Amino acid sequence: MSRKKVHVKSFGCQMNKLDTALVTAALQEAGFGLSESVKEADVVLINTCSVREHAEQRVLSHLGHLKHMKKSRPDLVVGVIGCMAQRLGSKLLEHEAVNIVCGPAEIPRISKLIAGAVQEDKKTLAVTEKVRRKGSEQQNRSLEEFESAYGIEDERVPAQAFVRVMRGCNNFCSYCVVPYVRGPEASRPPKAIIEQIRKLADHGVKQITLLGQTVNSYRYKAGERAWSLADLLSAASGVRGIEWLRFVTSYPAEEFFEEIMQVMAESPKVCNYLHIPAQSGSDKILKAMNRNYTSQRYLDLLDRAREIVPEISIAGDFIVGFPGETEEDFQATVNLVEKARYRNAFIFKYSPRPGTKSDKKLQDTVPGEVKQRRNVELLAVQETISDELSRQFLGRRVRVLVEGLSKKPHLNSTQGGNNPQLVARTATDYIVVFNGPESLAGQFAEVKITQTSPLTLFGQLMSDS
Ligand code: SF4
């Protein structure tokens, strides 16, 4: 049998991107080739996201194209993995284009499932039946082995890698599908995580981002010792070769918050950056969202973070147009954004997700055009703050880790000769664009900031860097 080629397409969050990287590495080890284009592929694998309706619609439209394509290429195998696969299960398998449906906890089986579908024209469902039940020892072991074996560097961003420290979520925010598709929280053993980071460092990785849906609730009992995220960050800081450590995403919980901030203040390797979604500034809406804090407690956490780590840069997430959100509630969100002074905020319009509490119990009362207006207004408030914060960098030198070529020619710089434009990030997650040799990708550099926009700093490479 000739070597079959797989085209992998990924939607959704960083967690999904990591799953895609793991699956891709596993497929290569199993003897499959990779294809950049659907046309040349024997297998198309789609890693899906269920967090927003829009993401699911994009997957369905993609499947529509594939169904059409399969008319002339009936041997084409189509697999769907990820959250949407777990959420829709057998319904998705009924889609004419789909051969395999595989949930997040079943991905260690993906190479075998694909090999089976290539050999025999059949449909296969591999989802977890009782997703909220704690995984069996066997399932946890195979996920752990899969994670450890294929935890490799992200080839698209040299010298950087993501390491999952926990799976699932126990928070049940009323709008969110994650607890129903990714199951209960399960933290990975610290020994395995540190070992994985060590291996990545040996391969030249300099920056590690620890991933979890609520990464600050990481807990692991190893013998007499109970590990928290703060312990994990301390241990990871000791790995030679790793220079920057990040962690996303944090839930606004008080438990262990100060310890985590202390490690950030004390370890030069832990980047001064915190992504901590607030979702709303209205206590009424926060309650309806089943977020377990008030806006004041959230702001107190930010104050505490800034007291311990004065240079910290903070990012937030918001949902506008949640059921019942009045103009007054929205104004409370605007007030919170003004007080929080985020470096950046990610703003989403509410869309009900099937199976969640807010979908079952609350009416989607806010009209689409009102959601759109609030989205635009909140973005404008944030943009003014981002612009002010960015301007503070004018004339300063910053240390950056270079990601590679900039996608857009943001600046017609005369500085930097014939060098292309590169994109990089500071430890505080500011994007920096400057002219420099492509060979700097994956290296640290010093850049003097000469121009700013709300979300990007532009500068000149320092020759002594
Ligand atoms: S914390 Fe809330 S929003 Fe985040 S994954 Fe868990 S349930 Fe979803």
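A polar contact is a pair of N or O atoms within 3.5 Å; within protein, one must be able to donate a hydrogen and the other to accept it, and residues adjacent in sequence count only if both atoms are side-chain atoms. The model is predicted: local features need pLDDT of at least 70, side-chain atom pairs count only at pLDDT 80 or more, and totals for chains, interfaces and linings use all residues. Residues are numbered from 1 along each chain as its sequence is written, and side-chain values use heavy atoms, leaving out hydrogens and water.

**View 1. The N-terminal cap of helix α9.** Ser 228 caps this end of α9. A side-chain oxygen of Ser 228 lies 3.3 Å from the backbone nitrogen of Ala 230. Helices (H or I, at least four residues) and strands (E, at least two) are DSSP runs, numbered from the N terminus.

**View 2. The buried face of α9.** Helix α9 spans residues 229–237. Its buried residues (under 20% relative accessible area, 1.4 Å probe, protein chains only) are Leu 229, Ala 230, Leu 232, Leu 233, Ala 236 and Ser 237. They fall within an arc of 160° seen down the helix axis, so they line one face of α9. The arc is that of the directions from the helix axis to the C-beta atoms.

View 3. The protein chain has 15 helices and 21 strands. Buried residues make up 53% of its 465 residues.

Definitions and conventions. Buried < 20%, exposed > 50% of the residue type's maximum accessible area, 1.4 Å probe, protein only.
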